Amino acid sequence: MDGWLVTIAQLPTEDPAARMRVLRTLESLGAAVMREGAFLLPDTATNRQALEALAEYIVKSAGTAQVLQVNATAPAQHETLRRLFDRSARYDALIKTVESLRVGFGQADPSAISRVLHKQHREFEAIAALDFFPTEARSRAEHALAEADAAVKKLLFTSSQTRLDAGERLLRRAWATRKPPWADRLACAWLIRRFVDPEATLTWLEKNEELPSGALGFAFDGAHFAPSGARVAYEEMLAQLQLAKNPALTKIGSIVHFLEMGGIAVPEAAGVQTLLQGALRRSENVNELLAEVEKTFDLLYEAYYEPAKR
C-alpha cells in the first residue's frame with residue numbers, strides 16, 4: 001500500500017444536501033483532508049472504486065471531481081501522509097472508556113456492563129475498518145477489550161440464582177425483573193407471556209427493590225432465571241423450562257445473546273437493536289414499551305417458525 005489516491009473536488013454549492021452527502025461519504029471511507037477540496041486515501045482497489053463512483057455523483061450534482069493516482073517523492077513525505085491516518089487518539093479514547101467500566105465491577109449489574117462493553121467492541125470494529133496503517137495503539141485496544149471481556153464474564157459466572165422448587169406452579173404467577181428494560185429482560189417478558197404464563201403479572205423493580213414475596217424473578221442477579229457467564233437469562237429460561245428444542249425460540253435467543261453479551265454476530269441483531277431503541281424512545285412507560293416490543297418478537301418468531309417446519 002505504497003501509492004495514494006488524491007481526490008480534487010469542487011463540491012456542489014447549489015445543493016447543500018448533495019454536498020453533505022459527499023462529505024459524509026468521504027468521512028465514511030476514512031479520507032484525510034489535505035486542504036479544502038483535496039482528499040487523500042491509500043491506493044487500493046476498493047478505495048479507487050468508491051472514489052470513482054463518488055466523482056461521478058459529484059459531476060452529476062453540478063460539481064467537478066478528479067481522482068488521481070500519486071506517489072510520494074521521498075520516504076519522509078510518505079510517512080507524513082501516513083500520519084494523516086493515525087487512529088491512535090480514537091483507540092486511546094476507547095481504552096479509557098473500557099477501563100472506566102471497572103469502577104462498576106461489583107456494584108453495577110454485570111449484564112449492563114456487558115452491554116456497554118459490547119458497544120465498545122462495535123466502536124473498535126468501526127475504527128479498525130478505517131485503520132489503514134495499524135500501530136501498537138490498536139493492539140493495546142484489543143488487549144483492553146479482551147481483559148474487560150474476561151473480567152465481565154467472571155462477574156457473570158459468579159452471579160447467584162434462586163432455584164425453582166420441584167413441581168413449582170408457573171401459571172397465573174407474579175413475575176418480576178429490574179429496570180432498565182433491554183433486550184434480555186424484554187425477551188424474557190415476551191417469552192413468559194407467550195409460552196410460559198399467558199396470564200402473568202409483570203413487575204419492573206427499581207435497582208435495589210426487593211423481589212416481592214411469591215414472585216418469580218428473571219434477568220437479574222439472584223433471580224430464578226438469572227444470566228450466567230455462558231447464557232443470558234432468556235437462554236436460561238429456555239433451558240430450564242424445556243423450550244430450547246423450539247428452533248425459532250433458540251434463534252431469537254442467539255439475537256438476544258449477541259445484543260447483551262456479544263460473541264458470534266447474528267445478521268438480524270442490528271435490525272432488532274434499532275427496533276428496540278426506537279421503541280424505548282417512543283414509549284412513555286414500561287407497559288407501552290413491552291406492548292410494542294412484543295410485536296417485534298412475535299414477527300421474529302413467525303419468521304423463524306415457518307422455515308423450521310419445512
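Predicted model: local features only at pLDDT ≥ 70, side-chain atom pairs only at ≥ 80, totals over all residues.

Q: Where is S283 placed, and why is S283 called buried?

A: S283 sits in the loop between α10 (269-282) and α11 (286-309). Its relative accessible area is 16%, and buried means under 20%, so S283 counts as buried. Leaving out residues up to four places away in sequence, S283 touches E288, L289 and E292.

Q: How do you know whether R185 is buried or exposed?

A: The relative accessible area of R185 is 4%. With the cut-off for buried at under 20%, R185 is therefore buried. This arginine belongs to helix α7 (residues 183-196), and a polar atom of the R185 side chain lies 2.9 Å from the backbone oxygen of A219. Beyond its neighbours within four places in sequence, R185 is in contact with residues including D109, W204, F218 and F220. P180 is also among the contacts of R185; a cis peptide bond, with omega about 0°, joins K179 to P180, and P180 lies in the loop between β5 (174-178) and α7.

Q: Why are α8 and α9 called roughly antiparallel?

A: The axes of α8 (residues 233-240) and α9 (residues 247-261) come within 9 Å and cross at roughly 155°. That makes α8 roughly antiparallel to α9, because angles over 145 degrees take that label. The crossing is left-handed. On the α8 side, Y234, E235 and L238 meet L249, T250, I252, G253, V256 and H257 of α9. By class, this contact has five nonpolar, three polar and one charged residues.

Q: What makes Q242 and R172 exposed?

A: Exposed means over 50% relative accessible area. Q242 has 61%, so Q242 is exposed; R172 has 58%, so R172 is exposed as well. Q242 lies in the loop between α8 and α9, and R172 in the loop between α6 (136-157) and β5. Neither is a glycine, yet phi is positive in each: about 60° for Q242 and about 55° for R172.

Conventions:
Residues numbered from 1 in each chain as written. Heavy atoms only, no water. Axes fitted to C-alpha atoms, helices over the stretch in contact; angles between N-to-C directions. Helix = DSSP H or I, 4+ residues; strand = E, 2+ residues; numbered from the N terminus. Parallel < 35°, antiparallel > 145°, perpendicular 65-115°, else oblique. Left-handed = near helix turned anticlockwise from the far one by under 90°. Contact = heavy atoms within 4.5 Å. Nonpolar A, V, L, I, M, F, W, Y, C, P; charged D, E, K, R; others polar. Buried < 20%, exposed > 50% of the residue type's maximum accessible area, 1.4 Å probe, protein only. Polar contact = N/O pair within 3.5 Å; in protein donor to acceptor, adjacent residues only side chain to side chain.
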